[in-house]
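Here is a short briefing on selected local features of one protein structure. Please look through the sequence and the model before reading the points.

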Amino acid sequence: MDQLANRKIIHIDMDAFYASVEQRDNAELRHKPVAVGGSSQRGVVAAASYEARQFGVRSAMASSVAIRKCPDLIFVKPRFDVYKAVSSEIRAIFAEYTPLIEPLSLDEAYLDVTDNLKNIASATQIAEEIRAKIQQQTHLTASAGISYNKFLAKLASDFRKPNGQYVIKPSQGLAFVETLTVGQFHGIGRVTAARLNQLGIFTGWDLRQQSEAFLKQHFGKAGSYYYTIARAIDNRPVTPDRLRKSIGSETTFDQDLITETDLLAGLQPLLDSVWRLCERIRVVGRTVTLKVKFADFEQITRSRTTLGPLSQKAFLDRIGIELLSSLFPLSKGVRLLGISVSNLEASDYPSGQQLVLPF
């Protein structure tokens with residue numbers, strides 16, 4: 001445990017990344033409420049500038065709700081190719097300090113700088129240098145959290161946002177956690193927080209009073225995780241090039257669809273998108289999951305797991321189409337379709353190799 005307590009972990013989180021890139025590249029958007037995403041009735045906010053957040057606009061919010069909260073909100077279409085290019089610049093800066101980089105998304109990553117390439121003893125100094133280089137090279141700001149484990153580092157990066165950093169030392173971890181509400185814990189969403197509240201658990205201190213057996217009884221395997229983080233314990237290493245748990249794509253239709261022909265046509269671009277990403281990052285999966293959201297917002301999923309990896313696109317297409325076809329006839333329209341592949345592993349199959357369908 002002493003060795004784990006001596007680790008130096010930094011969590012870097014870009015400030016309102018997508019929206020900040022748009023404001024950087026378009027002077028007319030600066031200091032104005034900006035949302036990246038679609039402005040249509042079915043649109044969703046992918047990111048919001050800090051000016052928009054002051055009105056309560058948040059990512060994943062329906063665009064119609066966002067406009068009601070902020071009538072002057074300016075919508076900008078996302079430019080993911082630009083965001084990816086900027087993200088690559090930022091990761092190159094990380095790589096000057098350590099090879100132990102675990103990206104979580106385009107705009108955030110964990111770094112283990114316990115033993116770093118510049119032999120700098122202070123993780124605080126490293127975070128300051130990284131943030132300064134990001135601002136100098138990209139004209140964007142980043143926030144940082146520094147601690148002895150990933151859980152605390154991520155919490156700390158939220159503590160001085162935007163454009164700040166915060167340190168949680170080993171001697172401070174337990175006291176820091178016990179003052180938080182359970183809803184502030186990363187890994188505890190609104191539904192779980194409400195269930196904890198119903199059990200009389202409101203803060204980190206309340207959570208620490210519970211036995212692991214009690215938490216597992218109510219929350220299954222996740223109960224063990226809640227038990228450890230309430231004690232400021234997180235032994236997970238920073239894992240470079242970690243394998244994603246799933247790859248998925250979904251779309252919300254402008255009009256509800258109900259015919260099998262229309263829905264199969266809507267599904268095909270999603271299958272194409274998922275397969276392209278699998279090829280790009282060289283992974284294959286064994287479980288295909290179809291997500292369907294109906295016009296009345298009821299949501300269902302249907303999954304199928306194969307004996308072997310889906311090494312050809314035809315296999316993915318076949319399963320996705322069969323999962324969708326099994327739902328017909330439908331009694332109500334569909335507003336959203338999604339397809340994802342999970343149980344991923346590194347791909348060892350040469351392109352075009354013919355294999356037996358792995359059912």
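Asn163 sits in the loop between α7 and β8. The model is predicted, and in it the phi of Asn163 is positive, near 55°, although the residue is not glycine. Most residues other than glycine have a negative phi, and most peptide bonds are trans.

**The loop between α7 and β8**

- Asn163 has a relative accessibility of 38%, so it counts as partly exposed.
- Pro162 lies in the loop between α7 and β8, and a cis peptide bond with omega of about -10° joins Lys161 to Pro162.
- Phe159 is found in the loop between α7 (150–157) and β8 (165–167). Its relative accessibility is 41%, which means that Phe159 is partly exposed.

**Aromatic pairs around Phe176**

- The whole structure holds 11 aromatic pairs, according to a search.
- One of them joins Phe159 and Phe176, with ring centres 5.2 Å apart; the planes are at 65°, over the 60 degrees needed, so this pair is edge-to-face.
- Phe176 belongs to helix α8 (residues 173–178), and the pair links distant parts of the chain, 17 residues apart.
- Phe176 is buried because its relative accessible area, 13%, is under 20%.
- Tyr166 also pairs with Phe176; this pair is tilted, at 6.1 Å centre to centre and 35° between the planes.
- Tyr166 lies in strand β8 and Phe176 in helix α8, so their pair ties together parts 10 residues apart in sequence.
- With a relative accessible area of 22%, Tyr166 is partly exposed.

**Where α2 meets α5**

- Helix α2 (residues 17–25) packs against helix α5 (residues 80–95) at about 100°, and their axes are 11 Å apart. This angle makes α2 roughly perpendicular to α5.
- On the α2 side, the residues in contact are Phe17, Tyr18, Val21, Glu22, Arg24 and Asp25; on the α5 side they are Phe80, Val82, Tyr83, Val86, Ser87 and Ile90.
- Sorted by class, the contact between α2 and α5 has 8 nonpolar, 1 polar and 3 charged residues.
- Phe17, Tyr18, Phe80 and Tyr83 are linked into a cluster by ring pairs.
- Is Glu22 buried or exposed? Glu22, in helix α2, is buried, with a relative accessible area of 5%.
- Leaving out residues up to four places away in sequence, Glu22 touches Leu29, Val36, Val76, Lys77, Arg79 and Tyr83.

**Helix α13**

- Helix α13 (residues 260–280) has 21 residues, which at 1.5 Å a residue should span 30 Å; its end C-alpha atoms are 30 Å apart, so the two values agree.
- Buried residues in α13 are Leu263, Gly266, Leu267, Leu270, Leu271, Val274, Trp275, Leu277 and Cys278.
- An α-helix has 3.6 residues a turn, so residues three or four places apart point the same way.
- The buried residues of α13 pack against β9 (246–257), β10 (283–284), β11 (287–294), α14 (313–325) and β13 (334–342).
- Arg282 follows α13 and has a positive phi, near 55°.

**Other backbone features**

- Phe297 is in the loop between β11 and β12 (299–305). Its phi is positive, near 75°, in a residue other than glycine.
- Phe297 has a relative accessible area of 52%, so it is exposed.
- A cis peptide bond runs from Phe328 to Pro329, with omega near 0°. Pro329 is in the loop between α14 and β13.

Note on methods
Residues numbered from 1 in each chain as written. Predicted model: local features only at pLDDT ≥ 70, side-chain atom pairs only at ≥ 80, totals over all residues. Heavy atoms only, no water. Axes fitted to C-alpha atoms, helices over the stretch in contact; angles between N-to-C directions. Helix = DSSP H or I, 4+ residues; strand = E, 2+ residues; numbered from the N terminus. Parallel < 35°, antiparallel > 145°, perpendicular 65-115°, else oblique. Contact = heavy atoms within 4.5 Å. Nonpolar A, V, L, I, M, F, W, Y, C, P; charged D, E, K, R; others polar. Expected span 1.5 Å × (residues − 1). Buried < 20%, exposed > 50% of the residue type's maximum accessible area, 1.4 Å probe, protein only. Phe/Tyr/Trp six-rings, centres within 6.5 Å; stacked < 30°, edge-to-face > 60°.
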